[in-house]
Amino acid sequence: MKKSTIIFFTVLGILCYAQNFKTKRGIVSLDGVHVAKVSNKSNIYTFMDLGETPMYTMEFIDKSIVDSVRDSYIKLNRVYNRDKTVEMDYISPSAFSGEEKSAVYTSIKGLKVIDNKGINIKNLDEIFQNAPKRKLDSKTKDAYTIRNKIDKLNIEVNKVGEIISNGVPVGYFTNLPVSFGSEDTITDKTFIDIEVYDAKSKYIGKYITTTKQIKTANGKIFTIYREMSGRAALLKFPTYKAIAERMAIMDPNFIKVQEKVTIGPVEKVNTGK
């Protein structure tokens, strides 16, 4: 059999067994038959049976991890057990992402929890019992590792440009622009670089305002926020906190994680007066 003929019958087979779905006024139809209902509130889609009993929710997450790295995924939750949540990668075509059509596509084609009989509880329970593992690329994994380190440092920048880590002063900014104190993002068009010093006034590095780059004392360079399209464009200008966090990652000697201090039992000492 010729290759072209094989391809023809393969495509024909797929078309013959393909399920057509659509959603209209919150009613999900599969091959023209009503099988479920769906409602949407704040990007959380609640799927119900035809009697409007909620079965599960699907939420589309799109968040910034660190710098310009973002993570987008699905959060699945059983209505009767809010504590148990499954996080999984997007399944639907990118053109649907974050929309009702994407949620329905994921339920029918990806997870197979909706079929021609309605919501398939058996398949739904199977997902929560054997949750699929997310497939993160190396860039996203590295971003989460960095985020974990940053969270442990618990960095803040106060109103005078002092850098605080877990309540302890660890450094400070110099050459602060006029807007400092009224804004937490660096938007001033100035040719003076903003410098960072540790608590002992040792030079750590600087933020180059013209190129949006951080350069450490030992020559490491990092572009903190690149020009990006979509929602990530909001990250064009960095915050002082973000600069301090990145500087701590680039120079591990700048800020050390404060270990928890454990105090033993207090004993009363007799002075023998």
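An open sheet is formed by seven strands in the order 10-11-12-13-14-15-16, with antiparallel pairing, where strands are DSSP runs of E of at least two residues, helices are runs of H or I of at least four, both numbered from the N terminus, and two strands pair if DSSP finds at least two bridges between them. Its edges are strand 10 (155-157) and strand 16 (221-223), each of which pairs on one side only. The model is predicted, local features requiring pLDDT of at least 70 and side-chain atom pairs pLDDT 80 or more, whereas totals for chains, interfaces and linings use all residues. Residues are numbered from 1 along each chain as its sequence is written, and side-chain values use heavy atoms, without hydrogens and water.

Strand 10 is joined to the antiparallel strand 11 (residues 162-165) by three bridges, and Glu-156 has Ile-164 of strand 11 as its bridge partner. Helix 5 (residues 240-250) lies across strands 10, 11, 12 (168-174), 13 (194-198), 14 (203-208), 15 (213-216) and 16, at about 135° to strand 10; contact means heavy atoms within 4.5 Å, and angles, from 0 to 180 degrees, are taken between N-to-C directions of axes fitted to C-alpha atoms, for helices over the stretch in contact.

Strand 10 and helix 5 each also supply at least two residues to the lining of the largest pocket, a pocket being an open set of points on a 1 Å grid, for a 1.4 Å probe, with protein on both sides within 12 Å along at least five of seven lines, and lining residues having an atom within 4 Å of a point. Among the lining residues are Glu-156, Val-157, Tyr-240 and Lys-241.
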